[in-house]
Amino acid sequence: MYDWLTEHKIPLGSWVKSFVDFLNDHAQNVFDFISLVIGTGIDGLTALLLAVPPLVLIAIFVAAAYLLHRSIGLAVFALLAMLLVANLGYWQATIETLSLVICSTFICVLIGVPLGIAAAHRPWLYTALRPILDLMQTIPTFVYLIPTLVLFGLGTVPGLISTVIFALPAPIRLTHLGISSVPAQLCEAGKAFGATKRQLLFKVELPHALPTIMAGVTQCIMLSLSMVVIAALVGADGLGKPVVRALNTVNIAMGFEAGAAIVVLAIVLDRVCKAPNRAERGS
């Protein structure tokens, strides 16, 4: 029985390869256009951030951290963290990584939040999406890194597409959770006052679900940062490149410094993008 089972293998890999080859042969112009648009957007954002002097950009980051959270401790930590990154010599790589994270998070939010809202209002849609989201989060990254590399070529774009695939389930799931957890009494009160479906969404459901949605955005940022090294393997610029280079040359110092820069950037983004708690709002 086992021999018969192994001899009659389902050609799943061949089917996927044939599908990717079909797309590569018949829709290459579409993928070239997508690659051009995304690549231009990332390069433009990176050039814009690099055009600002590092100390000025650090001051903007620190001011934003303070204005968002009214926390002197967070502002000082952001200042010291950014100065450490600049001192280690990874400022340009950090800006390239930040551009990749911003673009991937923007795409994930643009797709994930509307999908999460639609799934919360239509249970059948979430039932259909759940196995797809499970696959996106559990399939090893290198598996879908290969077809994106074939379709989009070497560079930042396949790294960003793979990052979006990996991080997209977070905003979808948490948006669905936030909208689904809105108390029925609030919705009934809104309907009693004559609110339309759109008013109910924007004035009742979204404000109540905003902390959960922001948690999804923060998680999306962290997942995007975790893909930095993987994206570097297909030519994406940023902090992943020195890590890969250090791995190939067994350079402990370079690997530790680049890893420390990634960790510092992750902590700063997590603290700054996290929704302020009530104590912070009241202070």
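# Helix packing chat

Colleague: Thr-156: buried or exposed?
Modeller: Thr-156 has 18% relative accessibility, so it counts as buried. Buried means under 20% relative accessible area, exposed over 50%, and partly exposed in between (1.4 Å probe, protein chains only).

Colleague: What kind of model is this?
Modeller: This is a predicted model: local features need pLDDT of at least 70, side-chain atom pairs count only at pLDDT 80 or more, and totals for chains, interfaces and linings use all residues. Residues are numbered from 1 along each chain as its sequence is written, and side-chain values use heavy atoms, with hydrogens and water left out.

Colleague: Where is Thr-156 found, and what does Thr-156 touch?
Modeller: Thr-156 is in helix α9. Leaving aside residues up to four places away in sequence, Thr-156 touches Ile-42, Leu-100, Gly-235, Ala-236 and Asp-237. Contact means heavy atoms within 4.5 Å. Helices (H or I, at least four residues) and strands (E, at least two) are DSSP runs, numbered from the N terminus.

Colleague: How many residues of α9 are buried?
Modeller: Eleven of the twelve residues in α9 are buried. Among them are Val-157, Pro-158, Gly-159 and Phe-166. From first C-alpha to last, α9 reaches 16 Å, close to the 16 Å expected at 1.5 Å a residue. The expected span is 1.5 Å times one less than the number of residues.

Colleague: At what angle do α3 and α9 cross?
Modeller: The axes of α3 (residues 28–51) and α9 (residues 156–167) cross at roughly 95 degrees and come within 9 Å. Axes are lines fitted to C-alpha atoms, for helices over the stretch in contact, and angles run from 0 to 180 degrees between N-to-C directions. The two helices are therefore roughly perpendicular to each other. Under 35 degrees counts as roughly parallel, over 145 as roughly antiparallel, 65 to 115 as roughly perpendicular, and the rest as oblique.

Colleague: Which residues make the contact?
Modeller: From α3, Ser-35, Ile-38, Gly-39 and Ile-42. From α9, Thr-156, Val-157, Leu-160 and Ile-161. That contact has five nonpolar residues, three polar and no charged. Ala, Val, Leu, Ile, Met, Phe, Trp, Tyr, Cys and Pro count as nonpolar, Asp, Glu, Lys and Arg as charged, and the others, Gly among them, as polar.

Colleague: On to α8. Which of its residues are buried?
Modeller: Thr-141, Tyr-144, Leu-145, Thr-148, Leu-151 and Phe-152. They cover an arc of only 130 degrees around the axis, so they sit on the same side of α8. That arc is taken from the directions from the helix axis to the C-beta atoms.

Colleague: What do they pack against?
Modeller: The buried residues of α8 pack against α2 (12–26), α3, α7 (123–138), α9 and α13 (228–232). Gly-153 follows α8, with a positive phi near 80 degrees.

Colleague: Which loop holds Arg-70, and what is its phi?
Modeller: Arg-70 lies between α4 (54–69) and α5 (72–88). Its phi is positive, about 50 degrees, although Arg-70 is not a glycine. Most residues other than glycine have a negative phi. Arg-70 is partly exposed, at 49% relative accessible area.

Colleague: And where is Val-250?
Modeller: Val-250 is in the loop between α14 (240–249) and α15 (252–273). Val-250 also has a positive phi, about 55 degrees. Val-250 is exposed at 68%.

Colleague: How many helices and strands in the protein chain?
Modeller: The protein chain has 16 helices and zero strands. Buried residues make up 41% of its 283 residues.
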